[in-house]
Amino acid sequence: MANFYTDNPNIKFYLTHPLIKHIVELKERNFADKDKYDYAPENFEDAMDNYERVLELAGDVMANVVAPNAEAVDAEGPHLENNRMIYASKTYENLDATIKAGLNGVTMPRRYGGLNFPMSVYGAINEMVATADTGFENIWSLQDCIETLYEFGNEDQRQRFVPRVCEGQTMSMDLTEPDAGSDLQSVMLKATYDEKEDCWRLNGCKRFITNGDSDIHLVLARSEEGTRDGRGLSMFIYDKNQGGVDVRRLENKLGIHGSPTCELVYKNAKAELCGDRKMGLIKYVMGLMNGARLGIAGQSTGVSQMAYNEALAYAKERKQFGKAIIEFPAVYDMLSIMKAKLDAGRSLLYATSRYVDVYKILEDIERERKAVGDKLTPEERAECKTFSKLADAFTPVAKGMTSEYANQNTYDGIQVHGGSGFMLEYACQRLYRDARILSIYEGTTQLQTVAAGRYITNGFYGTVIADMLQTGQAPASVGSDDWCAAEFLPLKEKCAKMAEKYNEAVAYVNAQKNDEFKDFVIRHLYEMAADIIMSLLLIGDASRAPELFNESAKVYNRYAASEIERHYSFVMSASADDLADYRK
């Protein structure tokens, strides 16, 4: 019987990373829960065993329930009845299976009914859900919105809402409006305080809301009358049980058909403030979006995995000119690059997850200590700052590159299928349609380059690459000088030469002192940094597990080197004078 976890040893590999032990010990507060909950681990080995059992269960559910339902869900999709969204019938089977398997509230503390798993483990489940059905991943993974409520809500709100999510209730984040897409400062959904009822009332419209008829919503709304910018926005919690919100329409989309995308009308809907007024966009949505972007990186990796699986299986069975097409260089070259991009993206995904884990857990520890008049040690504070910066720098790269690779891999997956790939009975066409949104929602790739831009021009990615060349890790202090196995030293040297060209290109762009020119070429610098980082990550992976990553490390290194040459040539031959040729 298939299992998306045990059949894919690459996922398990990333849970053996040396930093995982530190993450688990932080998350478990040195295993303080062992005397309070019978399912809490007693030590690191016990925790890893817990993760293993849950991941195996998740892999089983995804392979044998959710994946077989994917085509039926894609064909049926959700529908609207009396201003309420109704999922496709098989989606209810998927939800029931994941709830019975206990795959909700994965990262939440046990005192609220959660499993208290690190993001790195949650991300592994998320990837498998996306491998099974990209659209269903949008429904399942939005439980991660509870991280924002847990982080910024008060204790009363945590006690009322977190257990509901742990029991399987769904969530959404209601941000976008007809006139406010990427420009969330323009949000105008009105929030007014009702003194008589001691609550807030929401009025207005939200559009393109994923899973928009969920049980619990996090809503960005304008609480400060007369304002027009982000400083007038606050975050609110809306409980569907309170009523006051109708689904006006469901979007008819190219892909992810199982994921309902709703237009919502708020009519004097009762809500409660989450956190402080005026911090909705400035602080809370930024945290929410970073979590969502990491989720899309996992979703993209899952899509890439299934696209590769489908293409590989077809290439092995399809015969032309008397032999399987996988034996033709044009096909095995394509498959090898698909696999290399998949492995590179996954390595970047889990590296980013580890950075997020360390700083998020330390922030949580800081909140707990503040409640009893204590604080982080200077060493803990420094560690939190370091990993927070790494997480902030790596998240836009992980989201952007994995989503672009998912689009490329699903495109190539159809190509491997040839004419059959254009036929609706093959899953590769659904994956292709599903993948197209990944580089658009939760911030387009163009916006990810903007988010990464300051880390390019201030030299931070250059420092990260230098650290990785030295010890295989960023920061360098968590790695080792002998990180690269002898057989991969030539690949490391190629990365060092790539880094020289990257640093030269960054210096050239900075020297122009022209912001428009910088914005014009920033995508090239962004991809150069990403290519080098992913190549170095794969070299490290292959040094630890050559049986898993030998081929991908070599193929991706060759691919990255050619990409560096392309981007370097473009940047170094361009100037601000050339911008006139492109303006329309």
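Predicted model: local features only at pLDDT ≥ 70, side-chain atom pairs only at ≥ 80, totals over all residues.
## Basis

Residues are numbered from 1 along each chain as its sequence is written. Local features need pLDDT of at least 70, side-chain atom pairs count only at pLDDT 80 or more, and totals for chains, interfaces and linings use all residues, while side-chain values use heavy atoms, with hydrogens and water left out.

## Nonpolar cores

A nonpolar core is a set of buried Ala, Val, Leu, Ile, Met, Phe, Trp, Tyr and Cys residues joined through side-chain atoms within 4.5 Å. Buried means under 20% relative accessible area (1.4 Å probe, protein chains only). The largest core has 151 residues; Leu202, Tyr461, Tyr502 and Leu525 touch the most other members. Helix H10 (residues 329-371) gives the most to this core, 18 residues. Helices are DSSP runs of H or I, at least four residues; strands are E runs of at least two; both are numbered from the N terminus. Another core, of 31 residues, lies apart and includes Met173 and Cys274.

Beyond four places in sequence, the contacts of Tyr461 (heavy atoms within 4.5 Å) include Pro396, Tyr502 and Ile533.

## Strands

Strands pair if DSSP finds at least two bridges between them. S4 (residues 190-194) and S5 (residues 199-210) are antiparallel, with 5 bridges. They form a hairpin with 4 residues between them. Asp198 in the turn has a positive phi of about 55°. S5 also runs antiparallel to S9 (residues 261-274), with 8 bridges. Thr210 is the bridge partner of Thr261 in S9.

## Helix H16

H16 spans residues 515-544. Of its 30 residues, 23 are buried.

Methods:
Buried < 20%, exposed > 50% of the residue type's maximum accessible area, 1.4 Å probe, protein only. Expected span 1.5 Å × (residues − 1).
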